[in-house]
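I opened this one to see how the chain folds and which residues deserve a second look. My notes follow in the order I looked things up.

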Amino acid sequence: MADTSAHSSRRQTREIGTIIIDLDGTLVDSAPDLADALDELLQERGLQVIGLDGTRKLIGHGIANLVRKALALRGQELAVLPLEAATARFQNHYAKRLPAKAVGYPGVMDVLKTLKAENWRLVVCTNKSETYSRKILEGLGLAAFFDVIAGPDTYGVAKPDPQHLLRTLPENMPPGYKKIMIGDSEVDVETAHAAAIPVIAVTYGYSKIPLAQLKPQALANSFPEVPMLVQQLAKEAGATECAL
């Protein structure tokens, strides 16, 4: 589970702050593996597959919701217990694949190296389970960048609950400690706003609506734009603190 204790006081004093990053649609394109597992589940039930494009439109609120919406599209509205059984079956199909087709978005590795070199503390906050998230990040060689990898099973909360973000932050943050969220969906922006954390919305992910409508503090068309936007938001936060 999430490790929040392995930070020396010396390291904490030199950290600029924490950058909280969503996983699916922000760091990693995981839709192909989700689509394959979902189609396998549908075929088992004698239903027409949805495919990659259809699966992308359903991503955003966790696996149980993905399964529920996919089955509903094929005319199966399940009660709680049958839905739990279908979700468990999907998870079996999904787990055996990871990370077969999942890939990091262009520039992700280099950007994470840059942010760590600038003394940012990095965490992942995702509505995918911590177990699956770790498996994907480890398979792609990205897990070591993150101090915390938090799914809904980590703290017992999930986005859009702001506690999912806030619980990833270190205790006893010093004055001027910066917090920034990066995500690709309306759920991410909504959660960041609720937590009073500035948010960078990436436009290449799985959002169902134009994210500019939700008024994030910044928009990034690619992940390599993130370091510049992070610097801008950090400066703005510093200027606001000085004015108070």
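The model is a predicted one.

**Loops and cis prolines**

I went for the prolines first. The peptide bond between Leu-98 and Pro-99 is cis, with omega near -20°. Pro-99 sits in the loop that links α5 to β3 (103–104). I found another cis bond between Lys-159 and Pro-160, where omega is about 20°. Pro-160 belongs to the loop between α8 (152–155) and α9 (163–166).

**Overall fold**

I counted 11 helices and 8 strands in the protein chain. For the dimensions, I get a C-alpha box of roughly 60 × 35 × 30 Å along the principal axes. The radius of gyration is 18 Å, and a compact globule of 244 residues would come near 18 Å, so the two agree. Buried residues make up 48% of the chain. Of the contacts with a separation of 6 or more, 69% are between residues 24 or more positions apart.

**The cores**

Which residues have the most contacts inside the largest nonpolar core? They are Leu-27, Phe-90, Tyr-94, Leu-112, Phe-146 and Ile-200, in a core of 55 residues. Helix α2 (residues 31–44) gives the largest share of this core, with 6 residues. Apart from it I noted another core, of 17 residues, which includes Ile-20, Val-148, Ala-150 and Val-189. In soluble globular proteins, nonpolar side chains tend to be buried together.

I then listed the contacts of Leu-27, leaving out neighbours within four places in sequence. Leu-27 touches Ile-21, Asp-22, Val-103, Gly-104, Tyr-105, Val-108, Leu-112, Val-124, Phe-146 and Phe-223. Leu-112 and Phe-146 in that list are also among the residues with the most contacts inside the largest core.

**Helix α4**

Which residues of α4 (residues 63–73) are buried? I have Ile-63, Asn-65, Leu-66, Val-67, Ala-70 and Leu-71. An α-helix has 3.6 residues a turn, so residues three or four places apart point the same way. The buried residues of α4 pack against α2, α3 (51–56), α5 (80–95) and α7 (130–139). Just after the helix, Gly-75 takes a positive phi of about 85°.

**Positive phi outside glycine**

I checked for positive phi in residues other than glycine and wrote down Asn-172, with phi near 55°. Asn-172 lies in the loop between α9 and β6. I put Asn-172 down as exposed because its relative accessible area is 74%, and the cut-off for exposed is over 50%.

Ala-196 also has a positive phi, near 60°. Its loop runs between α10 (186–194) and β7 (199–202). At 68% relative accessibility, Ala-196 counts as exposed.

**Asn-127**

Buried or exposed: what is Asn-127? It is buried, because its relative accessible area of 13% falls under the 20% cut-off. Asn-127 is in the loop between β4 and α7. Its side chain reaches the backbone oxygen of Lys-159 at 3.0 Å, and Lys-159 is the residue joined to Pro-160 by a cis bond. Beyond four places in sequence, Asn-127 is in contact with Gly-60, His-61, Gly-62, Pro-152, Ala-158, Lys-159, His-164 and Val-187.

Arg-121 lies in strand β4 (residues 120–125). I looked for its salt bridge and found none, although Arg-121 is buried. What the Arg-121 side chain does reach is the backbone oxygen of Thr-168, at 2.9 Å.

Lys-179 is in strand β6 (residues 178–183). With a relative accessible area of 29%, Lys-179 is partly exposed. Leaving out residues up to four places away in sequence, Lys-179 touches Thr-18, Leu-169, Met-173, Ile-197 and Pro-198. I also noted Val-230, which is 51 residues from Lys-179 in sequence and 9.8 Å from it in space, C-alpha to C-alpha.

Technical notes: Residues numbered from 1 in each chain as written. Predicted model: local features only at pLDDT ≥ 70, side-chain atom pairs only at ≥ 80, totals over all residues. Heavy atoms only, no water. Helix = DSSP H or I, 4+ residues; strand = E, 2+ residues; numbered from the N terminus. Buried < 20%, exposed > 50% of the residue type's maximum accessible area, 1.4 Å probe, protein only. Contact = heavy atoms within 4.5 Å. Lys, Arg positive; Asp, Glu negative; His and termini not counted. Salt bridge = Lys/Arg side-chain N within 4 Å of Asp/Glu carboxyl O. Polar contact = N/O pair within 3.5 Å; in protein donor to acceptor, adjacent residues only side chain to side chain. Core = buried A, V, L, I, M, F, W, Y, C linked by side-chain atoms within 4.5 Å. Rg over C-alpha atoms; globule rule 2.2 N^0.38 Å.
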